Amino acid sequence: MTQTHRLTDGGRIDRDRPIDFFFNGRRYSGYEGDTLASALLANGVMLVGRSFKYHRPRGITSAGTEEQNALVQLERGARTISNMLATRVPLYEGLDAASVNCWPSHNFDFMAVNSLFHRILPAGFYYKTFMWPVSAWKYYEHIIRRAAGLGRSPMEPDADTYDKMNAHADLVVVGGGPAGLTAARSAAIHGARVILVDEQTELGGQLLNERFDINGHPATDWVADIEAELMAMPNVTILKHTTAFGYYDHGFIGFLQNRSNNVAFGEDGRSRQRMWRVRAKNVLLATGSLERPLIYSDNDRPGCMLAGAVRAYVNRYGVTPGNRHVIFTNNDDAYRSALDVKAAGGDVACIVDLRTKPKGELVTQAIEAGIDVIEGSVITAVIGGKRVRAVEIMKLNEDGTGVTGTVQTITCDIVGSSGGWNPVVHLHSHSGGKNVWRDEDGVFVPGDTLQSEQVCGAAAGSFSLQAALNEGDFAGIDFASKLGLPTKKPGAVPKTSSDVAEEPWKLLWYIPTTKPAGQRGKHFIDQQNDVTVTDVQLAAREGYRSVEHAKRYTTLGMATDQGKTGNIPGHAILSAALGQTIPETGTTTFRPPYSPVTMGAIAGRYVGDFFDPVRRTPMHDCHEKAGCLWEDVGQWRRPWYYPADGESMQDTVNRECLAVRNHVGMLDATTLGKIDIQGPDAAEFLNRIYTNAWLKLAPGKCRYGLMLGEDGMIMDDGVTSCLGENHYLMTTTSGGAPRVMAWLEEWLQTEWPDLKVYLTSVTEQFATLQLAGPNARALLSEFTKDIDLDNDAFPFMSWKSGTVADIPARIYRISFTGELSYEINVPASAGLSLWTDIMIAGEKFGIEPFGTETMHVLRAEKGFIIVGQETDGTTAPGDLGMDWIVSKKKPDFIGKRSMSRPDMLRDDRKQLVGLLTSDPSEVLPEGGQIVAETQPKPPMTMIGHVTSSYYSAALEHSIALALVKGGRARMGDTVYVPIDGKTVSCEVVEPIFYDKEGNRIND
Amino acid sequence: MFLIPCPWCGEREESEFSYGHEAHIVRPEDPEKLSDAEWANYLFMRTNPKGPHLERWVHTAGCRRWFNVARNTHTNEILAVYLMGEKPPKNLAKEPVKGAKS
């Protein structure tokens, strides 16, 4: 392919370095310095995709980050990236891109049939049509998503690495255009530590797109000089190809840096992207401005673009976007585009100016250059489907509401339109700054700021080059003095002769045709989301008066470009429809990120093994050797069950359960939280924290405690033992330990600083081995000589210290399985050897190691709750039938007062019950909804849900615990659990299934 | 992302801290004597001013100490930090910020 639209010279491309690339499977050629978009245009490729809703053919509209249509799927396989802007992808050898959102191809799209039905696809179409009946949404959704998708996610793990950098700066300058460069320079000369960041691959900003001069030379020469000067300063960091995507509190700014010109691949040995977390004492925003289009009929036809983009392609990339260009404008600036095309040897059909009798200097230059200027006129129609072929032009009437006269048809293949320029105020808004409407040119400019921040240049609404240079230079000096740096003689501010007197813009947000809006072509406001003028007007008619609501209803400004071009015209048209001014309507809130940020960069190195720390117990290797499967409990990795070769999970759990019930089993209970509590007020503290009485617990004794939130709901539970006078050891659930520790500390530090109590987390200091089963005593007695294990000497709910296998140990006789059980605590370093020794000695007693699943089954057989499983933050002790542990005598404890709130006394609260299925082998799904009466199909009145459900090998019957409304009054009733395709009937029973008298635990 | 000057450790990133609701809400001496409405008021009701706000923070990933912070909720400026049990500084702007709804 030849580059049919490439100029023979000019532009910032290197014609000695050709680059081959692929678009939609075809090979093309471009040059080093191109973007994908400029290279496509050089090859005469304008059609790049289909629109979101109507699947209309769409072309490249811009030359930068405001692009709405030229979204591509870049590369394939693990490195594929969706929705990349062709205007922001630097060309590299072998680049492989494809259009998004068109099927089967961008040139022939079946879904374009949507366009024929546009009358049934108005604003809010999805809400109105597919949300009824609600239950059917799930069927519609995937069809809609496929029809209106944007790009694909990779199916493989990311092949690249990412990293993060923290940095501090006296001044962060965002934007390397004229204002940013002068500001960075003048602040840096004074000694400020400056970070200059720009999203483009080279500095210069808008100067790269223009034929401007500074100090008598081409402006880009000045950029090169100042860049060299800044590079030589040790206190300056320049980050190119880096986007400042968010500006947060206290001078915190996020940058996303592309570390390779090849944006899809990390270079060998380097991360692909780097996330910068920068803390800036001061921030200068020199983010420039983005052009906004005029909203004329069928303004989305490929070939319709921004006027500024036309000259950016000519000046920066040496490409004429078309063969014959029409410029359509409400301002003088767009005349530059016509002049630059002409100067490069391109063909300009005419300039259509909606103002009458424009007289600015650029107008005169255009006329002198022989360009036809059609004043007081507008484009009323665009002819052509996949490419602009011509435009129709008519006179605009005096008040701008309609058109008159005869139609003039002009052949062209590019329409460059300009409705003025919008300051890029996004980052200013992120930081909490307000934006103020400026009526004369219809722009939002930055207003008050909350942080040490200034905005200058075009971003502040100062659109002339000299103003940008002056403001930047002044701001740099200003920041330096604010930082207390010694003042130096400022050098001369750079001067330009490129500024000329320009006449005001004429604001006309909607370009009329011969018919009312919507009846002659479509006026697109937001091309990426296919939002038209009639959609916004419809939203206003339907009562969406808030701009935020109208945005969500019409999806205006919600696409990947976040309304960078369409928002202001959209809000203006909404205001007109509502009969109010634009400031009265207001604008939607800009939120980070300014442009999309990859998840890879957000994750950085915290992926794979580094995603979250894994806590392992001292016996971890033993479990691994025994071939256990793991369960993650918080950050802990706990043995789940230990299958023998080929053994199913159910068979394994049955075997482990029966071993504990009939012989002995051993569980690694190290992960249970352990908090050492000391101090003269420790007992009083426990008395306030727990629901039951603690003042009289004697040394050597253990007690179960239930901890509530102040709202009366169960927060955690566990056994606390009195180790000695003023010394206790609290155990917590494995996942709840950090939360409980923080909770206790909060009360001690904030509410009860007078209590002399000290807390220490000792979870990891001890290895905890739990022996459970009728043979536990006989087995343990082989390991200890100095601890009397006799039932009378060492009863249930007491503890003793001594040695186990000559290791200093504390043994707690507590039980979560309902069996005779000892929890042996030894120093963590001794856990592994003791576990190994007990497993060997236990063989003759029939020992089996058991995991969390078996533990859950055994405790459920006994009706012991698990906080977080039987409770969900709305469960009070009474709901679980645990009033026995709530003291009636204590005047106060955390949560006590809440227990007498009216809602807590309702008799239809969800209460813990047991469920026995009529078919003993049927195991209910946990979370299954319970109904009292079945209906042929949903909806049915749900009265509760299954919280725990297992098959009990000891009982040879499935068992379940459930929370059921008024459950205790339903004992003996039959309830039903509808599961996909069938209904399981169950009997409501007491929530205890095994050894109801508790003989085994006390034996 | 705030910078919070911990009274014990100095200025650190917000991600090291946890927020612990409005400060100076004292637990009632005898909750049983309160009406349901009074108890609910203690339990659930908090002020939500636009402007200076006294609140509790804990340096979770640092010294684990609780302390008080006076923060302007509009600008997120940290106006003061002070220890538990201390009274808030007197010179904080008491008036809500312009445009705030009381």
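The model is predicted, and local features need pLDDT of at least 70, side-chain atom pairs count only at pLDDT 80 or more, and totals for chains, interfaces and linings use all residues. Residues are numbered from 1 along each chain as its sequence is written, while chains are lettered from A and ligands numbered from 1 in the order in which they are written. Most residues other than glycine have a negative phi, and most peptide bonds are trans.

**Cis peptide bonds**

- A:P592 and A:P593 are joined by a cis peptide bond with omega of about -5°.
- A:P593 sits in the chain A loop between α15 (582-585) and α16 (599-603); helices are DSSP runs of H or I with at least four residues, strands are runs of E with at least two, and both are numbered from the N terminus.
- A cis bond also runs from A:P938 to A:P939, where omega is near 0°.
- The loop between β45 (929-931) and β46 (942-952) of chain A holds A:P939.

- A:H241 has a positive phi, near 55°, and lies in the loop between β12 (236-239) and β13 (242-247) of chain A.
- A:H241 counts as buried because it has 20 C-beta neighbours inside 10 Å; buried means 20 or more other C-beta atoms within 10 Å of the residue's own, exposed means 12 or fewer, and C-beta atoms are placed from the backbone.
- A:K357 has a positive phi near 45°, and its place is the loop between β19 (348-353) and α9 (361-368) of chain A.
- A:K357 has 9 C-beta neighbours inside 10 Å and therefore counts as exposed.
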